[in-house]
Each structure stands twice: as structure tokens, then as C-alpha cells.
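This report describes the pockets and the aromatic ring pairs of one protein model. Please keep the structure in view while reading.

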Amino acid sequence: MSTETLVPDYQSVKQRQHAVWASGDYAVIGSTLQIVGEELCEAVDLRAGSRVLDVAAGNGNATLAAARRFARVTSTDYVPALLARGKERADAERLAVSFREADAEALPFDDGSYDVALSTFGVMFAPDQQRAAAELARVVVPGGRIGLANWTPEGFIGQLLGLVGRYAPPPAPGLRPPTRWGSEAVLRDLFPGHSLEIRPKSFVFRYRSPEHWLEVFERCYGPTHKIFAALEPDRRDALARDILDLLRRHDRGGGGSLVVPGEYLEVVITTKAA
């Protein structure tokens, strides 16, 4: 039996991912997660004037949080439509932010260009996880900070992604799930030689009902939007029932509204000295 490790076709995977994240309207959901970016900026002890890079920024939660603290922020993503939504938000608040299309696995910046790199539920979806982690460490100065917020595999979103994956076509052979970034052991493997502080936290989804949550996520969240659109009606109905069951199992709202805690890891990495 061959023990050769399968290496996915990362470029093809990224093309499919791009289509997923460009679908729906992620900004509708992304804006509800703003508190995570604010707390992450506090966790990295962000200072005014710091050079900050937001990687896989989406519609800019960590970007805005850093800019509100008077940092010099560059916001990057490989989906131009998401960057445009982030720019709209920054312009509305009169925040000075530079926006640039960029791949998290090949950041177009010199070594040590930034004091801090941030990513909230973004870089964890890069298919070549080792390369994405190395890029984060490369662009940050020695002794700088990397701040991450990553969904855990055991938490609500980790379970949701696993559930949706059962209805999706098989992933590319050898492709690792994004929720690996929500494992402390994996993070220490991804960032060897650096100092890591890892804290489990929860973001609470607050919606009118399970049905309301499903309606918003089916319409706006790329992974669920794309799979619902691809399924035949009977499979679509089955997925909806499974998601509603998952929501009800996690609901702490007591029937008046939906209150679902979503576990994630807040990670602060201090890069090793030169």
C-alpha cells in the first residue's frame, strides 16, 4: 500500500472557494460579527500608529476595529466584492484604510512589512494551511503580533460546516478542513517557534428564530447559499431540516428568540525574534 501523501490541486480548490465566497451576500452576516474584530484588537494590545494587515478580511470587521484605534491598516481579500463592502463601511466612518486584492497564501508584501496581522474567520479557509500560516509570520516583524479568530470543530459553526459538507460533493483528496485552525495542537504545529496565547471564546448568534437564521444564511452565507442552490428540492428540504435541528439543539433563547453560542479560539501569536 502506498504511503504517499496526497497533495490537493490548491489552485482548483481556490477557484471553487472564490465562487462560494463571492456568492450570496456575506457582508450581511459579516457585519453581525463585528464584536469579534473589536475584541481581537484588544487581545493583541493594538497601538495607534501600528502597521496592520487584515488577511482574508471579508467585509472588514478587524479592518474597521484596527482603523478605529488609529492604526495604519491594509485590508486584503481575494474576493473584490467583499473588499468593496469593507471600503463602503470605512468610507462611511471616514476611516483611512488601504484596500488591496490579495491571496492569503501569496501575500504581495515584503518580509516584516507589518507590526500586526489579523484575521477573523478568514485565513482559516485557505486550502494550503501551512503556506498561509507561513505567510502570516513572514509579513510580520520579529516580535510582532498575529491575531486570529478561528471557529472550532466542536462548536456550532464547526458542526454546521460538517453538516453542510455531507450534502456537498466530496472535497479534493488530501484537503484538510478549515476547522483545524480551531485546534490548539494544530495551531502550534502551524506556527512552530512562535509564542502562542490561545483562549476559547464564544460569539453569540442572535436571530428571531431558527427559521430566521436559516433564511438569512441560505441567502447570504456563501457555503450554505451555494449548496442550497445546487441541491435538488428533496435534498434541499432535508438539509434545511438538519440545520434547523442543529440550531434548536444549540439554542439558549428559551423560545422567545434564537440565541446560539458559537465557539471559536482567540489566538495571539508573538513572532519569534530574528
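How much space lies in the second largest pocket? The model is a predicted one, and in it the second largest pocket holds about 170 Å³ of space. Its lining is made up of 12 residues, of which Leu-6, Pro-8, Tyr-10, Gly-174 and Arg-176 are the closest to the centre. By residue class, this lining divides into six nonpolar, four polar and two charged residues.

**The largest pocket**

The largest pocket contains about 950 Å³ of space. It is lined by 31 residues, and the closest to its centre are Gly-165, Ala-168, Pro-169, Pro-171 and Leu-175. Three helices each supply at least two residues of this lining: H1 (10-22), H7 (156-165) and H10 (222-230). Helix H1 provides the largest share, with six residues. In the lining of the largest pocket, 21 residues are nonpolar, six are polar and four are charged.

The composition of the two linings is set out below.

**Aromatic pairs**

A pair of aromatic rings is described by the distance of the centres and the angle of the planes. The structure holds 17 aromatic pairs. One of them joins Phe-121 and Tyr-264 in an edge-to-face arrangement, with 5.4 Å from centre to centre and 85° between the planes. This pair links distant parts of the chain, 143 residues apart: Phe-121 lies in the loop between strand S4 (114-120) and helix H6 (129-139), and Tyr-264 lies in strand S7 (residues 258-270). Are these two residues buried or exposed? Phe-121 has a relative accessible area of 7% and is therefore buried, since buried means under 20%. Tyr-264 is buried as well, with a relative accessible area of 1%.

A further pair is formed by Phe-156 and Phe-205. Because their ring planes stand at 65°, with the centres 5.7 Å apart, this pair is edge-to-face; the angle for that class is over 60 degrees. Phe-156 belongs to helix H7 and Phe-205 to strand S6 (residues 195-207), so the pair links distant parts of the chain, 49 residues apart. Phe-156 counts as buried at 1% relative accessibility, and Phe-205 is buried with a relative accessible area of 2%. Helix H7, which carries Phe-156, is also among the helices that supply at least two residues to the lining of the largest pocket.

Terms used
Residues are numbered from 1 along each chain as its sequence is written. This is a predicted model: local features need pLDDT of at least 70, side-chain atom pairs count only at pLDDT 80 or more; totals for chains, interfaces and linings use all residues. Side-chain values use heavy atoms; hydrogens and water are left out. On a 1 Å grid over the protein atoms alone, a cavity is a set of points where a 1.4 Å probe fits but cannot get out, and a pocket is an open set with protein on both sides within 12 Å along at least five of seven lines; lining residues have an atom within 4 Å of a point. Grid points are joined across faces, edges and corners, and a volume is the space filled by probe spheres set on the points. Helices (H or I, at least four residues) and strands (E, at least two) are DSSP runs, numbered from the N terminus. Ala, Val, Leu, Ile, Met, Phe, Trp, Tyr, Cys and Pro count as nonpolar, Asp, Glu, Lys and Arg as charged, and the others, Gly among them, as polar. Rings of Phe, Tyr and Trp (its six-membered ring) pair if their centres lie within 6.5 Å; planes under 30 degrees apart count as stacked, over 60 as edge-to-face and the rest as tilted. Buried means under 20% relative accessible area, exposed over 50%, partly exposed in between (1.4 Å probe, protein chains only).
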